Amino acid sequence: MITTTGLTKVYRSRGREVTALDGVDLHVREGEVYGVIGQSGAGKSSLIRCINLLERPTAGTVTVAGQDLTALAGRGPRAGKELRQARSRIGMVFQHFNLLSSRTVQDNVELPLEILGVSGRERSRKALELLDLVGLADKAKSFPAQLSGGQKQRVGIARALAGDPKVLLSDEATSALDPETTRSILQLLRDLNRQLGLTVLLITHEMDVVKSICDSAALMENGRVVESGTVGELLATPGSELAGALFPVGGDATGEDRTVVDVTFLGEAATRPVISQLSRTYNIDISILGAAIDTVGGLQVGRMRIELPGRYEDNVVPVGFLREQGLQIDIVDHTADTATAADTAQESVLLKDGAK
Ligand SMILES: Nc1ncnc2c1ncn2[C@@H]1O[C@H](COP(=O)(O)OP(=O)(O)OP(=O)(O)O)[C@@H](O)[C@H]1O
Ligand SMILES: [Mg+2]
């Protein structure tokens, strides 16, 4: 639904050059909720502004719903009209809502329709319908100043839907909201995604946002996408930084000669008694250092950190047994400093969040 290839953005100002996007290849499938996460300055907002051509990419292409927007942006006035139309099919939600304070809620939602030249009656009908959809039917005549943050963002979402978009782009839509309100806005985005078949690309620095509503995610660093995939794919990728942060499980080895293994169960694998089978088959005692079960991106996931007696060399066969069960196995190398590989991955993402 959204594809970027080699997307590059270099800002030039007063002789200085900043490469905000450095060859980004992104593929967002129709009907999914896709999260892009990364530290401040990673290039997330630049990515979203280049996707809707608010910002002109320096190189690379952007295709939305089969239409090459970068090609349209490069041509004359007729293509300019096509580009405007294509853009009206892309809804945009902002962190600070960007509502006009002098206009009522309804008039804010009508604004994009005015620009599209829709008649007054039709505009009014559409705006009221959208306000109903976002749960604000009774606030049509209110002014933005009379609304809570969550309500303002609902207006922002209704306005973004005015042009019947196929795609909704959201830049930190919940960053200015408290946790409770964040949950309700995310739920609204999820509902819209399901009800309207809307494809949602959202930018966030909060892992919880990705965890609660995204089907797929990408991690950005220094203008590049360093990891991407469906939540299931990420969790099944050995050493994935995103997976470690999405699904942390702690626990340190209890002694020197021990092998610590993270076992990730996806879907039905979660219900099989693998650990007791392992213990019985090889006659070894297994300690559980940490465990968690959760739903991540709509997928039932279990992760367990277990400890086997003996060093890794002594445990090649039992570890092989676990792998044969189709489980995702990560050996936690506790010889590398004091922190474990998974902890390090997790911390580095958290640090980035903290740096925001
Ligand atoms: N208009 C601009 N002119 C010059 N440099 C810019 C401009 N916009 C962004 N940049 C630079 O490009 C880089 C990426 O910025 P961007 O806003 O895309 O990051 P971000 O990931 O959205 O960060 P944040 O999480 O803080 O919103 C940064 O180094 C930033 O300073
Ligand atoms: Mg930003």
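The legends below describe close-up views of a predicted model. In this model local features need pLDDT of at least 70 and side-chain atom pairs count only at pLDDT 80 or more, whereas totals for chains, interfaces and linings use all residues. Residues are numbered from 1 along each chain as its sequence is written, chains are lettered from A and ligands numbered from 1 in the order in which they are written, and side-chain values use heavy atoms, with hydrogens and water left out.

**View 1. The shell around ligand 1.** Ligand 1 is surrounded by 13 residues, a residue being near a molecule if one of its heavy atoms lies within 4 Å of it. The closest are Ser-40, Gly-41, Lys-44, Ser-45 and Ser-46. By class the shell holds four nonpolar, six polar and three charged residues. Here Ala, Val, Leu, Ile, Met, Phe, Trp, Tyr, Cys and Pro count as nonpolar, Asp, Glu, Lys and Arg as charged, and the others, Gly among them, as polar.

**View 2. Polar contacts of ligand 1.** A polar contact is a pair of N or O atoms within 3.5 Å; within protein, one must be able to donate a hydrogen and the other to accept it, and residues adjacent in sequence count only if both atoms are side-chain atoms. A polar side-chain atom of Ser-46 is 2.6 Å from an oxygen atom of ligand 1. For Ser-45, an N or O atom of the side chain lies 2.8 Å from a ligand 1 oxygen. At Ala-42 a polar backbone atom takes part, 3.2 Å from an oxygen atom of ligand 1. Of the 630 Å² of accessible area that ligand 1 has on its own, the protein covers 64% (Shrake-Rupley method, 1.4 Å probe; for residues, only the protein chains shown count as cover). Two or more residues of the shell come from each of β2 (16-28) and α1 (44-51); α1 gives the largest share, four residues. Helices (H or I, at least four residues) and strands (E, at least two) are DSSP runs, numbered from the N terminus.

**View 3. Two loop residues with positive phi.** Leu-53, in the loop between α1 and β4 (59-64), has a phi near 60°, a positive value in a residue other than glycine. Leu-53 counts as buried because its relative accessibility is 6%. Buried means under 20% relative accessible area, exposed over 50%, and partly exposed in between (1.4 Å probe, protein chains only). Ala-65, also not a glycine, has a positive phi of about 50° and sits in the loop between β4 and β5 (67-68). At 46% relative accessibility, Ala-65 is partly exposed.

**View 4. Helix α6 and its cover.** Nine of the twelve residues are buried, among them Gln-153, Arg-154 and Arg-159. The cover over the buried residues includes β6 (90-93), α4 (105-115), α5 (120-133), β7 (167-171) and α7 (179-196).

**View 5. Gln-325 in its loop.** Gln-325 lies between α12 (316-324) and β14 (328-332) and is buried, at 19% relative accessible area. Beyond neighbours within four places in sequence, Gln-325 is in contact (heavy atoms within 4.5 Å) with Arg-272, Val-274 and Gln-277.

**View 6. Asp-208 in helix α8.** Asp-208 belongs to helix α8 (residues 207-213) and is exposed, at 61% relative accessibility. Its C-alpha atom is 9.7 Å from that of Arg-183, 25 residues apart along the chain.
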